[in-house]
Amino acid sequence: MSVNEAKNIYGINNLELLASQVVEGFITGMHKSPFHGFSVEFAEHRLYNKGESTRHIDWKLFAKTDKLFVKRYEEETNLRCHIIIDNSASMHYPQFIKPSIDNLNKIGFSAIASAALIEILKRQRDAYGLSIYSDTNDYFAPAKGGERHRRMLLTHLEQLLNETSAKKTDTYQVLHEIADTIHRRSLVFLFTDMFQSDTNDDQLFEALRHLKYNKHEVVLFHTYDAKHELSFDFDDKPKRFVDVETNDTINLHASSVQEEYEKAVAAYFNTLKTRCMQYKIDYVPVDINKGFEQVLISYLISRKRFL
């Protein structure tokens, strides 16, 4: 069954439309936020830079806004962006009996956030590529513009919403492979929950540094479900917890380990943040229950610094 024939498990029948709605809502909210100074309406104009030719200034728009904007053209591209998504088994947590747009797991959140990023990149006439990986590099598309390329990427993102995964994670090896294939300086976004099968943190950061060596700007979206994975908020009935990638199990009462668990996870988050600062990687913890604004704001900040 093709993606178009399948009914999305989240009730998302049109990812393109949803991504557009996410971006429109974000742009509307920007006017009421501290980030209103960031320009997000790049489709046809850009701000005039003092000293450049006045030939392409849109004087009609100046009359309406009292600001100088320059008309943009189809061939203009400001940056190249590459989105990388971890599609291992742990990213398909949590599982819902009746999943919906209001009950996303980590892979669902990452897919929709990526579609929204592609939408805003399209509006700014930037180039965008996509990688999807688990224990191997499952999909790679280099950064391009154009409608055909965009729809191809959306098709692969929709597939993430319609499938499950039992694969382990090999972020270390895959990032090295991707770093070797992205030849032009890019803004790189990585969506991962940082659960690694057989990779230690030193190896992971070595791979991230590989991207930095190639002059890319790297943003790590540490994607997690705060209620369960950060706060360990489960009812106090005896439960069997299963590692979805190794199938290891443990039986316990959540309350018996909750305090120590929270301390350990908080320490781990802090370690990740510190290591990212050390290597000049943007570390963005992303709670999947808090919407997509956190991702899009991080994008605008990174873009402003990148250009």
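Predicted model: local features only at pLDDT ≥ 70, side-chain atom pairs only at ≥ 80, totals over all residues.
Biologist: Thanks! What percentage of the residues in the protein chain is buried?

Modeller: Buried means under 20% relative accessible area, exposed over 50%, and partly exposed in between (1.4 Å probe, protein chains only). Of the 307 residues in the protein chain, the buried share is 47%.

Biologist: Which element gives the most to the lining of the largest pocket?

Modeller: A pocket is an open set of points on a 1 Å grid over the protein atoms alone, where a 1.4 Å probe fits, with protein on both sides within 12 Å along at least five of seven lines; lining residues have an atom within 4 Å of a point. The largest one holds about 1200 Å³ of space, and of its 44 lining residues, Tyr93, Phe195, Glu229, Val242 and Asp243 are the closest to the centre. Elements giving two or more residues to this lining include α3 (106-123), β7 (217-224) and α8 (254-278). The top contributor, with five residues, is α8.

Biologist: And which residues touch the most other members of the largest nonpolar core?

Modeller: A nonpolar core is a set of buried Ala, Val, Leu, Ile, Met, Phe, Trp, Tyr and Cys residues joined through side-chain atoms within 4.5 Å. The largest has 49 residues, and its largest share, eleven residues, comes from α3. Leaving aside neighbours within four places in sequence, Phe189 is in contact (heavy atoms within 4.5 Å) with residues including Cys81, Leu117, Val219 and Tyr299. The members touching the most others are Ile83, Leu157, Phe189 and Phe191.

Biologist: Where do Glu119 and Arg123 both lie?

Modeller: Their side chains meet in a salt bridge (2.8 Å, N to O), a term for a side-chain nitrogen of Lys or Arg within 4 Å of a carboxyl oxygen of Asp or Glu. Glu119 is buried at 5% relative accessible area, and Arg123 is buried at 14%. The two are four residues apart, about one turn of the helix, and both lie in α3.

Biologist: How many residues apart in sequence are the parts that Asp126 and Arg303 tie together?

Modeller: The side chains of Asp126 and Arg303 form a salt bridge (2.9 Å, N to O). Asp126 is buried at 2% relative accessible area, and Arg303 also counts as buried, at 5%. Because Asp126 lies in the loop between α3 and β4 (127-133) and Arg303 in helix α9 (residues 293-306), the pair ties together parts whose separation in sequence is 177 residues.

Biologist: Last one: which residues are linked with Glu147 in a network of salt bridges?

Modeller: Glu147 and Arg150 meet in a salt bridge (2.5 Å, N to O), and both lie in helix α4 (residues 147-162), three residues apart. Glu147 is partly exposed at 38% relative accessibility, whereas Arg150 is buried at 3%. The network joins Glu147 with Glu16, Arg150 and Arg151.

Note on methods
Residues numbered from 1 in each chain as written. Heavy atoms only, no water. Points joined across faces, edges and corners; volume = space filled by probe spheres on them.
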